[in-house]
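Load the model in your viewer and keep the sequence panel open. Each stop below names a selection and says what is there.

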Amino acid sequence: MKSKFTTFIMIIIIILIVCVLGIFAMMLFKEVDLIDTSSEVEDFKTIISEVADNKETINTVDKNIETPKVLENPLNSIKDNSNNQKKVDYSNVSINKYFYNQLSTDSQTIYKAFEVNIQNMKSGSYRIELGDSFTSILNKDNGQEELGNIYQSAFEAFNYDNPDVFYLNANKMFLNIETTTTGNKKKYNVFIDSGSQSNYFTDEFQSKSQVDSAVIQVEQVKNQILAKKTGNTYQDIKMVHDYLVDNLEYDTSISKPHIFTIYGALINKICVCEGYARAFKYIMDSLNIPCVMVMGEGTNSQGQREKHAWNYVQLDGRWFAIDTTWDDPVVQGGGRASNDSRYKYFLKGSSTFNQDHVPNGRFTEGGKLFTYPIISSGDYN
């Protein structure tokens, strides 16, 4: 009897040991699984960073525009991010603009995204999708920096090719990267938005209705100018040149609103050299006369070098320089400049124009070097 009782006790003990070991094994398995899951979560979440903080600013004529920033956005919660992988295709978009044609294929993709969404960007907060097009670049060790440079070149080309998009502020536009990790593979969804800003307008605009109203105003003035066109290229270039010289005033205070844009030039009638140059290109584009903005330095009448903007325009198969700003000098005591001053920089060749104008195709310190048309050596006559 005692032997049976002992056997029964041993069986109970063995069962208890097996149960304890089973429970311990299950706890150990959960702990390992939790560690693995935590690792995946850390991989899945992206850490916010601004890779452009140390990049140089875009140096325009009278102001600085910061290089567009690249943000890596954190996810607010753990979720399946596969739906964020946007399939966006801009390959069927056709553009033939001067600075666009100098971009790499990747920069052209971003430029196309801007071009396609010009109307949408008038909302000031529209999210411009680039999808997973740049996954191969972002998988590189320096992928974010490379994509930042690609973006910067695209924005610069878009900015100088399109003076009509005067309501955008590069400082408020951000290139965002969302990262999804599946196993050892990462995919990146890229888009452009206003980041933490309420919009990516210039400071003078706060709503789509304000932008729409400003665009209509500018187009009305443009149409009034175009109503005077003759169909003769030389006469039409001269007509636009004369309109700007006669109607615009240079802002010596460098403090008034819109002075760098066509809105300041055509509506407020007061701007700086960049406003003159943008307005001239804007109207030339509407006349289908090839024209580019040129950034660089000019040596003024006091012998001082200063940042400056002007235009090159094509006439009779050759390119010539026009500086509407310096053809509209500030006359002491008021009055109108003489004809000698009024056309001193009208349709000039390199032999005369380059004596006090030095073009610079690098819009950003360390940025892409763009090229300009080679202008005729002699003046137009």
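**Ground rules**

This is a predicted model, in which local features need pLDDT of at least 70, side-chain atom pairs count only at pLDDT 80 or more, and totals for chains, interfaces and linings use all residues. Residues are numbered from 1 along each chain as its sequence is written, and side-chain values use heavy atoms, with hydrogens and water left out.

**Stop 1: the whole protein**

The protein has ten helices and twelve strands. Helices (H or I, at least four residues) and strands (E, at least two) are DSSP runs, numbered from the N terminus. Colour by accessibility next. Of the 381 residues, 48% are buried. Buried means under 20% relative accessible area, exposed means over 50%, and partly exposed lies in between, with a 1.4 Å probe and protein chains only. Now draw the contacts, meaning heavy atoms within 4.5 Å. Take those between residues at least 6 apart in sequence: 64% of them join residues at least 24 apart.

**Stop 2: the open sheet**

Select β9, β10, β11 and β12. These four strands form an open sheet, ordered β11-β10-β9-β12, with antiparallel pairing. Two strands pair if DSSP finds at least two bridges between them. The edges are β11 (318-322) and β12 (357-359), each pairing on one side only. On average, neighbouring strands here are turned by 40° against each other, direction ignored. Axes are lines fitted to C-alpha atoms, for helices over the stretch in contact, and angles run from 0 to 180 degrees between N-to-C directions.

Zoom in on β9. Is β9 mostly covered or mostly open? Mostly covered: seven of its nine residues are buried. Towards β10, β9 pairs antiparallel over nine bridges. Pick Val294; its bridge partner in β10 is Trp310. The two strands form a hairpin with five residues between them, and Gly303 in the turn has a positive phi of about 80°.

Now go to the β12 side. Three bridges join β9 (residues 291-299) to β12, again in the antiparallel sense. Gly296 has Pro359 as its bridge partner in β12. Glu297 has Val358.

**Stop 3: helices on the sheet**

α8 lies across β9, β10 and β11, running at about 10° to β10.

**Stop 4**

**Stop 5**

Select β5 (residues 174-182) and β6. Nine bridges join them, and they run antiparallel. Phe174 stands opposite Asp193 in β6. In their hairpin, two residues separate the strands, and Gly183 takes a positive phi near 65°. β4 pairs antiparallel with β6 (residues 185-193) over three bridges. Gly131 has Val190 as its bridge partner there.

**Stop 5: the core**

The largest nonpolar core has 90 residues; Phe114, Tyr167, Ile237 and Leu266 have the most contacts inside it. A nonpolar core is a set of buried Ala, Val, Leu, Ile, Met, Phe, Trp, Tyr and Cys residues joined through side-chain atoms within 4.5 Å. Centre on Phe114. Leaving out residues up to four places away in sequence, Phe114 touches Met121, Ile128, Tyr151, Phe155, Phe158, Met173 and Ile192.

**Stop 6: two loop residues**

Most residues other than glycine have a negative phi. Select Asn288, in the loop between α8 and β9. Its phi is positive, near 60°. Asn288 is exposed, at 69% relative accessible area. Finish on Leu347, in the loop between α9 (339-342) and α10 (350-353). Its phi is also positive, near 55°. Leu347 counts as buried, at 2% relative accessibility.
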